[in-house]
Amino acid sequence: MGVNQSVGFPPLTGPHLVGCGDVMEGHGLQGSFFRLFYPCLEAEETVEQPLWIPRYEYCTGLANYLQYNKRWGGLLFNLAVGSSRLPVSWNGPFKTKDSGYPLIIFSHGLGAFRTLYSAFCMELASRGFVVAVPEHRDGSAATTCFCKQAPEDNQPADDLLEEWIPYRQVGEGEKEFHVRNCQVHQRVNECNQVLRILQEVTAGKTVLNILPGGLDLLTFKGSIDMSRVAVMGHSFGGATAILALAKETQFRCAVALDAWMFPLERDFYPKARGPVFFINTEKFQTVESVSLMKKLCARHDQSRIITVLGSVHRSQTDFAFVTGHWIGKFFSSQTCGSLDPYEGQEVVVQAMLAFLQKHLDLKEDYDQWNNLIEGIGPSLTPGAPHHLSSL
């Protein structure tokens with residue numbers, strides 16, 4: 001049995017080179033932890049490419065979330081994909097832009113973390129977006145961490161102690177809705193916190209990144225267009241994006257990738273804002289969830305629902321690009337749909353770009369894909385998949 005697993009990320013198609021780096025602002029749970037993807041300059045020296053799975057703790061976190069033995073599952077994940085790297089420049093020199101780049105805040109799904117949507121984020125950055133991916137601290141990430149200052153008097157002031165937050169299982173006797181509803185509201189607050197931080201950075205205020213060797217935020221001054229901001233997310237992150245759009249008027253639109261509608265309270269829908277672009281996979285949604293999406297779309301004539309045929313829930317994550325067969329056994333048959341993952345990525349990105357151009361007033365040529373917003377194109381159908389189309 002071969003173990004030479006890797007991740008075959010799609011080639012980036014935009015005109016910009018891409019850099020990425022991590023930001024941790026503030027000590028303790030109340031701070032923020034997020035990854036930034038951005039257009040960058042060609043580095044003068046050898047470029048370091050970051051690991052896709054940033055730390056071994058995330059391998060054990062994934063195993064724990066999937067309810068495998070944490071130790072052995074973590075070892076297998078690490079063996080399979082622990083050495084895979086992203087084709088970007090780690091902390092690469094930011095390419096400034098006087099008019100500023102549009103901003104996307106991207107919310108990850110349940111049991112995920114800040115790097116598992118890198119294919120989408122890298123492609124969007126290559127197209128001239130700054131993309132921020134918060135790592136949620138509500139217990140919905142496979143794992144995450146925060147830093148606090150060491151309490152000992154004899155420790156240097158910048159000596160940080162890490163504390164890890166494991167995935168939170170819903171306990172016996174707990175109502176899952178109450179757990180998830182609290183989490184989705186915390187997630188929205190965390191997205192808004194990242195938005196505020198980047199607003200301060202753009203305005204030239206000093207925001208301290210406490211990570212050793214972390215990204216220097218000063219270089220971003222004046223180069224993010226805070227009038228063109230969208231929110232996006234997958235699964236639980238899709239619900240987060242929908243709620244964030246309702247609660248923060250600075251977000252002009254939302255893209256919800258295979259949104260998990262369950263955590264949103266029913267009395268939220270009359271307060272929902274649009275436009276929202278629901279890009280669903282063929283195998284995940286239910287009659288009830290599509291009905292809730294339609295309820296939202298009925299209030300906003302620019303909101304749309306499309307379905308990518310031949311795709312499954314994890315088609316919209318980086319796991320779609322993991323090569324090798326035995327790692328797929330971790331995810332049962334739901335890792336791969338019948339649609340080629342590279343074709344799926346291309347059509348979803350083009351649909352996103354067309355929607356973002358329309359609602360962020362971008363001066364690009366992405367309107368050439370406007371028909372995709374209506375579900376007209378390869379492997380697309382408007383609305384729900386056929387088996388749910390009786391709604």
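**Group meeting: a walk through the model**

Let me start inside. Eight names to find on your screens: Gly-31, Ser-32, Phe-33, Pro-134, Glu-135, Arg-137, Glu-190 and Val-194 line the largest cavity. This is a predicted model, so keep that in mind throughout.

How much volume does the largest cavity have? About 40 Å³. How many cavities of 30 Å³ or more does the structure hold? One. Its lining divides into three nonpolar, two polar and three charged residues. Two elements, S3 and H4, each supply at least two residues of that lining.

Confidence next. The average pLDDT for the protein is 91, and 92% of the residues score at least 70. One stretch needs care. Residues 1-5 have a pLDDT below 50. In the model that stretch has 11 contacts beyond near neighbours in sequence.

Now the largest pocket. It holds about 420 Å³ of space. Its lining has 24 residues. Which of them lie nearest the centre? Asp-22, Arg-55, Trp-90, Arg-114 and Leu-211. By class, the lining has 14 nonpolar, three polar and seven charged residues.

Strand S2 at 17-25, strand S3 at 32-40, strand S7 at 143-149 and strand S8 at 160-166 each give at least two residues. Which element gives the largest share? S8, with three residues.

One example: Cys-145 has Trp-164 in S8 as its bridge partner. Is S7 enclosed or open? Five of its seven residues are buried, so S7 is largely enclosed by the rest of the structure.

On to the sheet. A quick reminder. Strands of a sheet pair through backbone hydrogen bonds, either parallel or antiparallel. Here we have an open sheet of 10 strands, with mixed pairing. The order runs S4-S2-S3-S6-S5-S9-S10-S11-S12-S14. Which strands are at the edges? Strand S4, 89-90, and strand S14, 380-382. Each of these pairs on one side only.

Look at the S14 end. Strand S12, residues 304-308, is joined to S14 by three bridges, and the two run antiparallel. Within that pairing, Ile-306 has Pro-382 of S14 as its bridge partner.

Helices now. Take H3, residues 118-126. How many of its nine residues are buried? Nine of the nine, so H3 is largely enclosed by the rest of the structure. The list includes Phe-120, Met-122 and Leu-124. It also includes Ser-118, Glu-123 and Ser-126. After H3 comes Gly-128, with a positive phi near 95°.

Helix H4 covers residues 176-202, and Asn-192 sits in it. Is Asn-192 buried or exposed? The cut-off for buried is under 20% relative accessible area. Asn-192 has 13% relative accessibility, so it counts as buried. Leaving out residues up to four places away in sequence, Asn-192 touches Glu-248 and Phe-251.

Gln-67 is not a glycine, yet its phi is positive, about 60°. Its relative accessibility is 63%, so Gln-67 counts as exposed.

Ser-235 is not a glycine either, and it has a positive phi of about 60°. Buried or exposed? At 8% relative accessibility, Ser-235 counts as buried.

From Gly-274 to Pro-275 the bond is cis, with omega near 0°. Where is Pro-275? In the loop between strand S10, 253-257, and strand S11, 276-281.

To recap. There is an open sheet of 10 strands. The largest pocket has a lining of 24 residues. The largest cavity has a volume of about 40 Å³. And H3 has nine of its nine residues buried. That's my tour.

Definitions and conventions
Residues are numbered from 1 along each chain as its sequence is written. This is a predicted model: local features need pLDDT of at least 70, side-chain atom pairs count only at pLDDT 80 or more; totals for chains, interfaces and linings use all residues. Side-chain values use heavy atoms; hydrogens and water are left out. On a 1 Å grid over the protein atoms alone, a cavity is a set of points where a 1.4 Å probe fits but cannot get out, and a pocket is an open set with protein on both sides within 12 Å along at least five of seven lines; lining residues have an atom within 4 Å of a point. Grid points are joined across faces, edges and corners, and a volume is the space filled by probe spheres set on the points. Helices (H or I, at least four residues) and strands (E, at least two) are DSSP runs, numbered from the N terminus. Ala, Val, Leu, Ile, Met, Phe, Trp, Tyr, Cys and Pro count as nonpolar, Asp, Glu, Lys and Arg as charged, and the others, Gly among them, as polar. Buried means under 20% relative accessible area, exposed over 50%, partly exposed in between (1.4 Å probe, protein chains only). Contact means heavy atoms within 4.5 Å. pLDDT is the predictor's confidence in each residue, from 0 to 100. Two strands pair if DSSP finds at least two bridges between them.
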